[in-house]
Amino acid sequence: MRHLRYPAISARALRRPASIHRRAFTSTHNPSQAHSSTHQAEGSSHTNTSNNTSQAPLQGQHTLDSADQTPSSHNHYNNPVKNHISKPTMSQKLIPANPADVMVIRDLTPNITTFSVPFARFGTLKVGGRATLVRLTSGALAVFSPVALTDAVRAKIAEKGGNLAYIVAPDIEHHIFVSEYKAAFPDAKIIGPDGLPQKRAKQAADPKINPADEFFVVFKGGEKKRETTITPEFDADFEYEYVDSHANKELVFYFRPDRVLIQADLLFNLPATEQYSRVPEAERDTSSGIANKIFGPLQTTEGDVKWVRRFQWYVLSAKDRPSFNESIKRIDGWDFDTIVPCHGDTIQGDGKEKFRKVFEWHLAGHKQ
């Protein structure tokens, strides 16, 4: 088996050095002082990350709660360049202003907990967001598509044993809170698809993204993609498939002990009822607006799903349909009955039937 380990890969290493005026580092215009300040800041960030090996969550970690809040140096991971950026970043626009107040925490099984929050893509499409926490047979924990690390989330992690060992970004979109969890649980291993370290390098100005975060496993596409492994304890409980033909480079996971499929953008199940259940009543209608009325029927498992199949066939799998079909067939071979999507409601009991209905053409290899 080929083990793809990238202990030296980080967004910082992949980022091309930027040309920055020394005023970004010092007001003295002294090049030597500016150089010294830069190295002290970077050295401090590295030391804080590498020396803290405790698995207990860090206390008092600051969280950005609004787009107009001034980020602190802690959120910038001691990067002096970021301290001069006042323009709202992408993460500030996407994070709910009050995640603790609108989050729904649910124990799906004794081993699986979901954290559901409102999320509007492009500020308009109400698709919701969801993280999934899984307790492995070994007792270690894995979080998929992490959302805001609120006090309630920390408490749930502690309740499940506290050993957060894996932070999984299941595609190139669901990664904003990876650094927040890595800072709180520095021994946790980051897992993600090819292209994500590079993307995070380009978003280094975002206070939520630490460009020094290292990826333990980066999934590569191609003929040998299924030779990738993670760790023996993780692989003992999970099957996984890298759908590299999907535009978002999806990683799909099957947790064998509870027969649960965990995925991000491969399959939506709108409307996002649970994810909007704690917002003010006036905001709970996820079908409001013409954009939601058009997009909703394209991302559901209810009804005859004719337009959902067409969207999957002509849009999402158009890049490499034979490879996409192969991935869908492999996932269909797993014995799951529940699907936890990032967007829309969890499908319990009849997950396999809903999956086969949506991907009927891909399973057959042709339109029907």
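**Close-up 1. Contact of helices H10 and H11 in the predicted model.** Gln312, Trp313, Tyr314 and Leu316 in H10 meet Arg321, Phe324 and Asn325 in H11, as seen in a model that is predicted. By class, the residues of this contact of H10 with H11 are four nonpolar, two polar and one charged. The axes of helix H10 (residues 306-316) and H11 cross at roughly 135 degrees and come within 10 Å, and that angle makes H10 oblique to H11.

**Close-up 2. Contact of helices H11 and H12.** Helix H11 (residues 321-332) and helix H12 (residues 351-358) pack with their axes 11 Å apart and at an angle of about 160 degrees. Because angles over 145 degrees count as roughly antiparallel, H11 is described as roughly antiparallel to H12. The crossing in which H11 passes H12 is left-handed. On the H11 side the contact is formed by Ile328, Ile331 and Asp332, which meet Lys352, Phe355 and Arg356 in H12; the residues of this contact divide into three nonpolar and three charged, with no polar ones.

Close-up 3. Seven strands, in the order S1-S2-S5-S6-S7-S8-S9, form an open sheet with mixed pairing. Strand S1 (104-107) and strand S9 (215-219) are the edge strands, each of which pairs on one side only, and from one strand to the next the twist averages 15 degrees. Helix H5 (residues 151-159) packs on this sheet, where it touches S1, strand S2 (112-117), strand S5 (129-135) and strand S6 (141-144), and the direction of H5 makes about 15 degrees with that of S1.

**Close-up 4. Strand S2 and its two partners.** S1 and S2 run antiparallel and are joined by four bridges, and the hairpin that joins S1 to S2 passes through four residues. Aspartate 107 has threonine 113 in S2 as its bridge partner, while the bridge partner of threonine 113 in S5 is leucine 133. The pairing of S2 with S5 is also in the antiparallel sense, over six bridges. S2 is mostly covered, with six of its six residues buried: Ile112, Thr114 and Ser116 lie on one side and Thr113, Phe115 and Val117 on the other, so that both faces of the strand are covered.

**Close-up 5. Parallel pairing of strands S7 and S8.** Strand S7 (residues 164-168) pairs with strand S8 (residues 189-193) in the parallel sense over three bridges. Isoleucine 167 stands opposite isoleucine 190 in S8.

**Close-up 6. Two residues other than glycine with positive phi.** Serine 145, in the loop between S6 and H5, has a phi near 50 degrees, a positive value in a residue other than glycine. Serine 145 counts as buried because its relative accessibility is 4%, and buried means under 20%. Lysine 249, in the loop between strand S10 (238-243) and strand S11 (250-255), likewise has a positive phi, near 55 degrees. With a relative accessible area of 22%, lysine 249 is partly exposed.

Close-up 7. The peptide bond from leucine 270 to proline 271 is cis, and its omega is near 10 degrees. Proline 271 is found in the loop between strand S12 (260-262) and helix H9 (290-295).

Key: Residues numbered from 1 in each chain as written. Predicted model: local features only at pLDDT ≥ 70, side-chain atom pairs only at ≥ 80, totals over all residues. Heavy atoms only, no water. Axes fitted to C-alpha atoms, helices over the stretch in contact; angles between N-to-C directions. Parallel < 35°, antiparallel > 145°, perpendicular 65-115°, else oblique. Left-handed = near helix turned anticlockwise from the far one by under 90°. Contact = heavy atoms within 4.5 Å. Nonpolar A, V, L, I, M, F, W, Y, C, P; charged D, E, K, R; others polar. Pairing = 2+ DSSP bridges. Buried < 20%, exposed > 50% of the residue type's maximum accessible area, 1.4 Å probe, protein only.
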